[in-house]
Each structure stands twice: as structure tokens, then as C-alpha cells.
Amino acid sequence: MNENLFASFITPTMMGFPIVVTIIMFPPILFPSSKRLINNRLHSFQHWLIKLIIKQMMLIHTPKGRTWALMIVSLIMFIGSTNLLGLLPHTFTPTTQLSMNLSMAIPLWAGAVITGFRHKLKSSLAHFLPQGTPISLIPMLIIIETISLFIQPMALAVRLTANITAGHLLMHLIGGATMVLMNISPPTATITFIILLLLTVLEFAVALIQAYVFTLLVSLYLHDNT
């Protein structure tokens, strides 16, 4: 195989223009709104899933934090569907791009922090200096807490990017090894193919788990600031 190992992570283009915007707009098509009086099974499952997500994510929030329910549900469904679509052959996974993940993490984190400073100024400032801190450690702790605050969106984006990218690379490597071993040692190729199938199932789980973790952390940041 002469294909570059990172070729699947290159932003696809058509006639020299990137089509990543079209790819990002595709997942919402999978969740259409129903205009029927009685929903079919797909829409019923979609509504059940949305209610489950709202119940899980919004249980700890105040009424002010629950106003973010639509954003939280949209975020987890978008990331989950994008990750799952990226597992199909000859597709592109936008969540492997750090720039896109940062573009999701930074506004959500900033919105939660600004909400905290706007409505809970004293409580938000208190996070920079734990109660009972010795006077000599106050400057150092303030610097450390400030750095940790600004690292939060980077940690969100890097976690999602690293997990999705690592899984795709591992599948690519094992798939390439399976193709090479088919002509050398068919029994060994069978074993690697079984490993590839198990890894594919694991990647489906990772795609959903990473969407849940990303959204849950955003929800926790919001909870700390409302």
C-alpha cells in the first residue's frame, strides 16, 4: 500500500475548493423533524434518545443552566453522528481536525465562563483561590488556577481529536497488515482480521463515548458557572 498513512485525515476538496462545510452539514439530515400526527419508529427512537440525553445532562443544572438544553443535545448528536459517519469507508471525519474541535470547545467554554462571571462573580473568582490558602502560596495558586482555566477548551479539543485519530490510525494499520498477510500467512491474516472486526466494534463505542464525554464536560463547566 503506497497510500500515505495520514491521507484519510486530509480535508477533501472538489475542484480545488474544500468541501468540509458540506460534510459538516450532512449529519443533521439524519435527524429530520416529523410533520406526522403519529411518528414512526425512527422518530420515536429519536425523541426517546433526546429525552434521555436531556434528563441525564440537565439533572444537576439550575433553571438558568437548563436554558442550554437545546445546545447540549445538538452538540452530542452532532459529534456522535459525525464520528459514526467517519467510520464508513471512503469518508472523512471532521472531528479528527483539531481546528474544528477547538472551534466547538472555545465558544462553549467561553460562554459558560462569561455566564459565571456575569451572574456569579464572587463564586467564580473564589475558584482561583481556595479557602484557607497560606498567604505565601496565594500568587502561585492564582497563576495555576488561571492556567488550568484557560487549558480547559484545549483539553476538550485535544481529547476528542486524539481518541478519534488514534482509533482511525490503528484500524488503518491493522487493515494494511491484514492485506499484506493474506499472501504470506492466511492463518495469521485471519487472526488480524478478527482483531480488526473487534476493533471496529470498539471504535463504534468510542465514537459515542467521546461525544458523550465532550458534551458532559461542557455541561459540567456550565454547572460550575450557573
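Helix H4, residues 98–119, comprises 22 residues and spans 31 Å from its first C-alpha to its last, close to the 32 Å expected at 1.5 Å a residue; the expected span is 1.5 Å times one less than the number of residues. Helices (H or I, at least four residues) and strands (E, at least two) are DSSP runs numbered from the N terminus. The model is predicted: local features need pLDDT of at least 70 and side-chain atom pairs count only at pLDDT 80 or more, whereas totals for chains, interfaces and linings use all residues. Residues are numbered from 1 along each chain as its sequence is written, and side-chain values use heavy atoms, with hydrogens and water left out.

The protein contains seven helices and two strands, arranged along the sequence as β-β-α-α-α-α-α-α-α. Of its 226 residues, 35% count as buried, where buried means under 20% relative accessible area, exposed over 50%, and partly exposed in between (1.4 Å probe, protein chains only). In H4 the buried residues include Met-100, Met-104, Leu-108 and Trp-109.

The largest nonpolar core has 32 residues; such a core is a set of buried Ala, Val, Leu, Ile, Met, Phe, Trp, Tyr and Cys residues joined through side-chain atoms within 4.5 Å. Leu-75, Ile-79, Met-104, Leu-156, Phe-214 and Val-218 have the most contacts inside this core. At least two of its residues come from each of helix H2 (41–58), helix H3 (69–85), H4, helix H6 (138–181) and helix H7 (186–224). Apart from this core lies another, of five residues, including Leu-87, Ile-174, Leu-196 and Leu-199.

Leaving aside neighbours within four places in sequence, Ile-79 is in contact (heavy atoms within 4.5 Å) with Thr-95, Met-104, Leu-160, Ala-211 and Phe-214. For the protein, 72% of contacts between residues at least 6 apart in sequence join residues at least 24 apart.

On the surface, Leu-98, Ile-143, Ile-147, Ile-151, Met-154 and Val-158 form a nonpolar patch with about 510 Å² of accessible area together. Accessible areas come from the Shrake-Rupley method with a 1.4 Å probe; for residues, only the protein chains shown count as cover. Patch members have over 30% relative accessible area and no salt bridge, and nonpolar side chains (Val, Leu, Ile, Met, Phe, Trp, Tyr) are joined within 5 Å; a salt bridge is a side-chain nitrogen of Lys or Arg within 4 Å of a carboxyl oxygen of Asp or Glu. H6 gives the most to this patch, with five residues, while Leu-98 belongs to helix H4 and is partly exposed, at 34% relative accessible area.

Conventions
Patch = residues over 30% accessible without salt bridge, like charges linked within 9 Å, V, L, I, M, F, W, Y side chains within 5 Å.
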